[in-house]
Amino acid sequence: MSARASRWLLWLGLVVAFPVPVLFIGPGLVPAVRLLMLGGIGLAVMLLENARGAVGPLAALLLGQGALYLGLLWLAAHLASRSLGRLTPRARATVTVSALAAGLALASTFAIYHTPFGQTAHASWPHVFR
């Protein structure tokens, strides 16, 4: 596996599963993709229903936070892939896939997310997107 492929896989894993804080709206820890999903839903409501009210600023806030975390997680994935740069391609693939599997297993097993906009206060990875 190339360093570029490792970086992309690590970044996608971080975006989908790594808990990041929800700023300004309420206490929460959710994956960055959840912020983007909620911001996209708010944007769709604003475009299809009505642009008045709090939906526009809330959608902008969620999308802005999501974009900020995408950049920070890209930096983290870049640094992680650079640290794996001296490994052979086979060893780099093993470490990358093992890290992704371990992270998703932990996120799926334990309720590590605090969801301010969810059905329950705490959720595991499969339940955070409900």
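Visitor: On what basis are the values given?
Guide: Residues are numbered from 1 along each chain as its sequence is written, and side-chain values use heavy atoms, leaving out hydrogens and water. Local features need pLDDT of at least 70, side-chain atom pairs count only at pLDDT 80 or more, and totals for chains, interfaces and linings use all residues of this predicted model.

Visitor: How is α2 oriented relative to α3 where they pack?
Guide: Helices here are DSSP runs (H or I, at least four residues), numbered from the N terminus. The axes of α2 and α3, lines fitted to C-alpha atoms over the stretch in contact, lie 8 Å apart at an angle of about 150 degrees. Because angles over 145 degrees count as such, α2 is roughly antiparallel to α3.

Visitor: How many residues of the contact of α2 with α3 are charged?
Guide: Contact means heavy atoms within 4.5 Å, and the contributors include Leu35 of α2 and Leu73 of α3. Asp, Glu, Lys and Arg count as charged. The contact holds 15 nonpolar residues and six polar ones, while the number charged is none.

Visitor: Is alanine 77 buried or exposed?
Guide: Alanine 77 is found in helix α3. Leaving aside neighbours within four places in sequence, alanine 77 is in contact with Arg7, Leu10, Trp11 and Leu14. Buried means under 20% relative accessible area and exposed over 50%, with partly exposed in between (1.4 Å probe, protein chains only). Since its relative accessibility is 0%, alanine 77 counts as buried.

Conventions. Helix = DSSP H or I, 4+ residues; strand = E, 2+ residues; numbered from the N terminus. Axes fitted to C-alpha atoms, helices over the stretch in contact; angles between N-to-C directions. Parallel < 35°, antiparallel > 145°, perpendicular 65-115°, else oblique.
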